[in-house]
Amino acid sequence: MEVCKMREPTALESNGDSSSPPQALLERLKDYGQEDVFALWDELSAEERDFLVKDIESLDVSRIDRIIRCSFNSQGLPAAAIEPVPEGSVSTLEERTMEDRERWWNMGMKAISEGKLGVLLLSGGQGTRLGSSDPKGCFNIGLPSGKSLFQLQAERILCVQRLAAQSRSEGPNTITPIHWYIMTSPYTDETTRKYFESHKYFGLEPDQVTFFQQGTIPCVSKDGRFIMETPYRVAKSPDGNGGVFTALKFSRLLEDMSARGIKYIDCYGVDNALVRVADPTFLGYFIDRGVATAAKVVRKAYPQEKVGVFVRRGKGGPLAVVEYSELDQSLSSAINQQTGRLRFCWSNVCLHMFSLDFLNQVANGLEKDSIYHLAEKKIPSIHGQTLGYKLEQFIFDAFPYAPSTALFEVLREEEFAPVKNANGSNFDTPDSARLLLLRLHARWVVAAGGFLTHSVPLYATGVEVSPLCSYAGENLEAICRGRTFHAPCEISF
């Protein structure tokens, strides 16, 4: 027998009089100076009034007010003095030995085979700048295989799982799944889920993939008032990739990670075509250093490059990231006289490793401080395009909380191919990312004894090696030695 459950009444229905806004809700908004959301109440239909009341009831107004006040009050304060990152905090390419690499690779593989690594993907953005309304991860950058960013990353996870199983010195070579936590946004969640379902999770088990949504927060005017997108809807925007900490906390996924035996979390952004997902070497380095956080970094290409850089906040202070727009030009160009390199040279490329203990700590710490970045934007509103603020937190906001952080240098041509702008832009396009990947894989093939022919200049083409064949150029001799490949093409099983 079907049991009918009574729906909880809204504040509007409980009020019993729709000619005026619910009194209790109006008084609560007045306490925070936000009563103007009801300014057009008399012009709304009954359905629109009900929608507006539900929209306001869904907001934690006291929390949002605290965020607005703390964020506004922090603007214009003098920035803390910064220093270059200490040499001992960075594992540089030149100091890294082959023995180090092998040791870290083996340590990482052991932890992965024991189920101690989880992967956290930041995938809340749409491909608007790429000319697509789909999630960025669905984007096809034009590889010979036609694979999307999501598929490339999923297949790299499959490859690492297989390598970890083969690395076991004891017991059967059974595959231990690497759990993949994928943060979406209200604008990408449904499409992302359907995309994975329609592609049968790219060979992964459905139960090793967990989707969860980042939060949204109202957009505000220059005086801190909510901007109305329509007469009955508050304008909102995603709370930034730093919203992942709050989202993990409120979705109880930190407890889920602990229950699965996960101790380390590899965290990255979706729009990097060369990302080494679940990198065993990076994980081994992280474990070996015994730190709470770590980040892969690349050397800044030139002083004006638009990338954030790692710095140290104050004398002996924590490592942090300063955005390029916040770094004084004289500091951007400052040279270390001993090395001849930029003093502030370690670029943040959103490739991070966290301990689960630290994630638990920061999920509470960031929320407590409530300081968000104010991004000045033109926001669609009932008055047209209104100049106001979107409030965001960033993943790198976590680093000053860390008791210890280590940086791990990587080559940008091997691990950083961002896909941010449409083809025809000057940088970070699908075309530029595709060429970086094809050239890297061409070097792998040649190193494995293969040969290439091509009908266009080599600098404009290359070959694609399926992640199911090789994770980072290993195990290609049997496939490539003595064979000739006509570029561009895909090499797969």
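Setting aside neighbours within four places in sequence, Gln 214 is in contact (heavy atoms within 4.5 Å) with Gly 124, Met 183, Thr 184, Ser 185, Pro 186, Pro 238, Asp 239, Gly 240, Asn 241 and Ala 247. The model is a predicted one, in which local features need pLDDT of at least 70 and side-chain atom pairs count only at pLDDT 80 or more, while totals for chains, interfaces and linings use all residues. Residues are numbered from 1 along each chain as its sequence is written, and side-chain values use heavy atoms, with hydrogens and water left out.

Gln 214 sits in the loop between β5 (209-213) and β6 (216-218); helices (H or I, at least four residues) and strands (E, at least two) are DSSP runs, numbered from the N terminus. With a relative accessible area of 7%, Gln 214 is buried (buried is under 20%, exposed over 50% and partly exposed in between, using a 1.4 Å probe and protein chains only). Its side chain makes a polar contact with the side chain of Asp 239 at 3.3 Å, and also reaches the backbone oxygen of Gly 240 at 3.1 Å. A polar contact here is a pair of N or O atoms within 3.5 Å; within protein, one must be able to donate a hydrogen and the other to accept it, and residues adjacent in sequence count only if both atoms are side-chain atoms. Another loop residue, Lys 306, lies between β11 and β12 (309-313) and counts as exposed, at 61% relative accessibility.

Next comes strand β14. Ten of the ten residues of β14 (residues 346-355) are buried, so the strand is largely enclosed by the rest of the structure. In a regular strand, side chains alternate between the two faces of the sheet. Here Trp 346, Asn 348, Cys 350, His 352 and Phe 354 point one way, and Ser 347, Val 349, Leu 351, Met 353 and Ser 355 the other. Strands β10 (residues 264-269) and β14 run antiparallel and are joined by five bridges, where pairing takes at least two bridges found by DSSP. Strand β11 (residues 293-299) also pairs with β14 in the antiparallel sense, over six bridges. Met 353 is the bridge partner in β14 of Asp 266 and of Ala 294.

On a 1 Å grid over the protein atoms alone, a cavity is a set of points where a 1.4 Å probe fits but cannot get out, and a pocket is an open set with protein on both sides within 12 Å along at least five of seven lines; lining residues have an atom within 4 Å of a point. Grid points are joined across faces, edges and corners, and a volume is the space filled by probe spheres set on the points. The largest cavity holds about 100 Å³. Of its 14 lining residues, Arg 156, Leu 274, His 441, Trp 444 and Tyr 471 are the closest to the centre. Helix α14 gives the largest share of this lining, three residues. The second largest cavity has a volume of about 30 Å³, and its lining includes Asp 266 and Leu 351.
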